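Welcome! Take a moment to look over the sequence and the 3D view, and then let's walk through them together.

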Amino acid sequence: DMQMGMSIGLSLEGMLPISVYPRMNFLLLAMNQLVNHLDAIPRFSAYRPKVIIRVAVGTDKPLDPGPQHLGDHAAALRMMLKKVEVVQLRTPRCVVENYRRAMTDDCSTILVEYPELYDAS
């Protein structure tokens, strides 16, 4: 929660923070800031905070970390967020283009990575 709040504050000061959550389940702890601030501020003010959020969906290989580290909540985030884009990076080819787009778009972006693709060609 504090990490997301600090990222929003940095954004409001004109910086482009990249906030990294190693597992999507950890991002759930920042939902207050994400939903009630980052997504809502552009709807009730002239401020347009922009944060790039990098998050990974856990994998059960080579070791299963348990259900608290395997959640993919991208669909639920898409339903909740009106001003923050949620992009699932399902192919290695789309990673660079979507990071570039996240940097140049006017809105905040959540980039959902799938670590099992890290070794894909």
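This is a predicted model: local features need pLDDT of at least 70, side-chain atom pairs count only at pLDDT 80 or more; totals for chains, interfaces and linings use all residues.

Residues are numbered from 1 along each chain as its sequence is written, and side-chain values use heavy atoms, with hydrogens and water left out.

**Cysteines**

- A disulfide is a covalent bond between the sulfur atoms of two cysteines.
- Here a disulfide is taken as a pair of cysteine sulfur atoms within 2.5 Å, and by this rule the count comes to zero.
- Cys94 is buried, with a relative accessible area of 14%, while Cys107 is partly exposed at 25%.
- For these words, buried means under 20% relative accessible area, exposed means over 50%, and partly exposed lies in between (1.4 Å probe, protein chains only).

**The sheet**

- Strands of a sheet pair through backbone hydrogen bonds, either parallel or antiparallel.
- In this model, an open sheet of four strands runs in the order β1-β2-β4-β3, with parallel pairing.
- Its edge strands are β1 (18-21) and β3, each of which pairs on one side only.
- Neighbouring strands are turned by 20° against each other on average, direction ignored.
- Helices (H or I, at least four residues) and strands (E, at least two) are DSSP runs, numbered from the N terminus, and two strands pair if DSSP finds at least two bridges between them.

**From β3 to β4**

- Strand β3 (residues 84-89) pairs with strand β4 (residues 108-113) in the parallel sense, over six bridges.
- The chain goes from β3 through helix α6 (residues 94-104) to β4, and this β-α-β crossover is right-handed.
- Right-handed means that, with the strands pointing away from the viewer, the path from the first strand over the helix to the second runs clockwise.
- Which residue of β4 is the bridge partner of Val87? That partner is Leu111.
- Val84 stands opposite Ser108 in β4.
- Helix α6 packs on the sheet, touching β2, β3 and β4, and its direction makes about 165° with that of β3.

**Two helices side by side**

- The axes of helix α1 (residues 2-12) and helix α3 (residues 31-38) come within 7 Å and cross at roughly 30°.
- Met4, Gly5 and Ile8 of α1 meet Gln33, Leu34, His37 and Leu38 of α3.
- These contact residues divide into four nonpolar, three polar and no charged.
- Ala, Val, Leu, Ile, Met, Phe, Trp, Tyr, Cys and Pro count as nonpolar, Asp, Glu, Lys and Arg as charged, and the others, Gly among them, as polar.
- Contact means heavy atoms within 4.5 Å; axes are lines fitted to C-alpha atoms, for helices over the stretch in contact, and angles run from 0 to 180 degrees between N-to-C directions.

**Two buried residues**

- Asn25 sits in helix α2 (residues 24-27) and counts as buried because its relative accessibility is 16%.
- Leaving aside neighbours within four places in sequence, Asn25 is in contact with Pro67, Gln68, His69, Leu70, Gly71 and His73.
- Tyr114 is found in the segment after β4 and, at 5% relative accessibility, counts as buried.
- Not counting residues up to four places away in sequence, Tyr114 touches Val57, Asp72, Gln88, Leu89 and Arg90.
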